[in-house]
Amino acid sequence: MPLLEVKDLKVYFSTPEGDVKAVDGVTFSLGEGESLGLAGESGCGKTTAALSIMRLLPKNGRIVGGSIDYQGYDLAKLTPAQLRHVRWKHISIIFQGAMNALNPVRRVGAQIAEPIKLHEDLDDEAAMKRVHELLELVGIPRERATEYPHEFSGGMRQRVMIAMALACNPKIVIADEPVTALDVMIQAQILELLERLKRELGLSMILISHDLSVMAETCDQMAIMYAGKMVETGNVRDIFKNSKHPYTKELIAAFPDIKGARVLPAYIPGDIPSLIHPPTGCHFHPRCKFAWKLCEEEEPGLLPVGDGHCAACHLNTAERPA
Ligand code: SF4
């Protein structure tokens with residue numbers, strides 16, 4: 001049984017021009033102790049899908065269909081009071097950009113202690129003891145609990161965010177672009193830290209990134225999104241070695257190979273389409289070099305193409321005219 005199962009999720013944002021179909025029928029699951037990478041270009045719906053799990057959508061966003069099953073509950077239908085029991089204690093999130101996510105005028109120790117006091121019913125002293133343990137767990141000396149966010153480097157602030165996400169021993173941690181904007185050395189340290197914590201604490205993790213090399217290092221499973229749709233899912237190794245979707249192949253080719261010849265990485269021509277009036281058929285067809293008539297007319301389903309490997313592309317099921 002998966003720990004978390006998202007089925008046919010649809011999340012729309014109201015705008016004066018019409019509904020933006022940011023997530024449009026997305027399905028994926030997360031097993032116990034597993035890490036799932038959600039990848040795709042900016043604006044493909046991966047952060048919206050993850051924020052929907054915690055029901056942290058902006059005011060103009062709404063879940064219009066599908067379900068988010070967690071331990072027998074549909075998170076999409078919980079009341080705000082019920083959701084408060086799930087957030088932090090069952091599912092927590094490491095937000096993108098630690099400087100924006102932390103309160104600049106509060107000491108980091110007080111910020112980490114806040115969810116602990118709220119959910120664990122501990123007094124100040126016991127909560128601060130837990131804060132010290134958490135800081136040491138993520139490699140920050142406990143004395144630094146009295147410092148403010150601006151006194152930390154970018155990497156250290158991200159460690160504070162990770163400590164905060166672990167404050168109430170959640171089962172699932174969602175990490176939204178946890179290493180974006182950090183330099184390569186610090187990125188490696190943060191990814192190593194996440195990997196260690198996942199192993200030692202038995203966490204399940206959803207990692208959101210546009211950087212496939214981050215997924216390759218830290219995830220077991222991968223799900224590729226394009227224009228609000230899931231286009232390929234499967235084991236990380238299968239997807240890298242034997243991708244069955246042209247978009248995934250182009251994403252992989254867009255990253256430099258540090259061991260190969262010194263050539264400029266490929267790029268994907270064109271832009272993400274409007275999600276108010278998305279293209280007919282396969283959403284990727286205006287940018288796909290293999291597209292033919294069927295791609296414009298019919299949306300491909302996400303179908304099995306191997307053991308635990310699924311892809312949504314007509315090339316896998318129909319004969320392409322020469
Ligand atoms: Fe390209 Fe057609 Fe496959 Fe879409 S369905 S990815 S347009 S070949």
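Reader: Which strands does helix 1 lie across?

Author: Happy to start there. This is a predicted model, in which local features need pLDDT of at least 70, side-chain atom pairs count only at pLDDT 80 or more, and totals for chains, interfaces and linings use all residues. Residues are numbered from 1 along each chain as its sequence is written, and side-chain values use heavy atoms, with hydrogens and water left out. Helices (H or I, at least four residues) and strands (E, at least two) are DSSP runs, numbered from the N terminus. Helix 1 (residues 46-53) lies across strand 1, strand 2 and strand 4 (61-70). Its angle to strand 1 is about 110°, where axes are lines fitted to C-alpha atoms, for helices over the stretch in contact (heavy atoms within 4.5 Å), and angles run from 0 to 180 degrees between N-to-C directions.

Reader: What is the order of the strands in the open sheet of four?

Author: Two strands pair if DSSP finds at least two bridges between them. Here the order is 2-1-4-5, with antiparallel pairing. Strand 2 (18-30) and strand 5 (73-74) each have a single partner strand, so one side of each is left without a neighbour in the sheet.

Reader: How many bridges join strand 1 to strand 4?

Author: Eight, and the two strands run antiparallel; Val 6 stands opposite Ile 68 in strand 4. On strand 1 (residues 4-15), ten bridges make the antiparallel pairing with strand 2, where Leu 9 faces Val 26 as its opposite number. As a general idea, side chains in a regular strand alternate between the two faces of the sheet.

Reader: Which residue takes a positive phi in the hairpin of strand 4 and strand 5?

Author: Gln 71 does, near 50°, in a hairpin with two residues between the strands.

Reader: What is the pairing in the open sheet of eight strands?

Author: That pairing is mixed, and the order is 6-7-8-3-9-10-12-11. Strand 6 (91-94) and strand 11 (303-306) are the edge strands, each pairing on one side only. From one strand to the next, the twist averages 25°. Within this sheet, Thr 233 has Cys 310 in strand 12 as its bridge partner.

Reader: Which residues come nearest to the ligand?

Author: Among the 13 residues around the ligand (a heavy atom within 4 Å), Cys 282, Cys 288, Cys 295, Cys 313 and His 314 come nearest.
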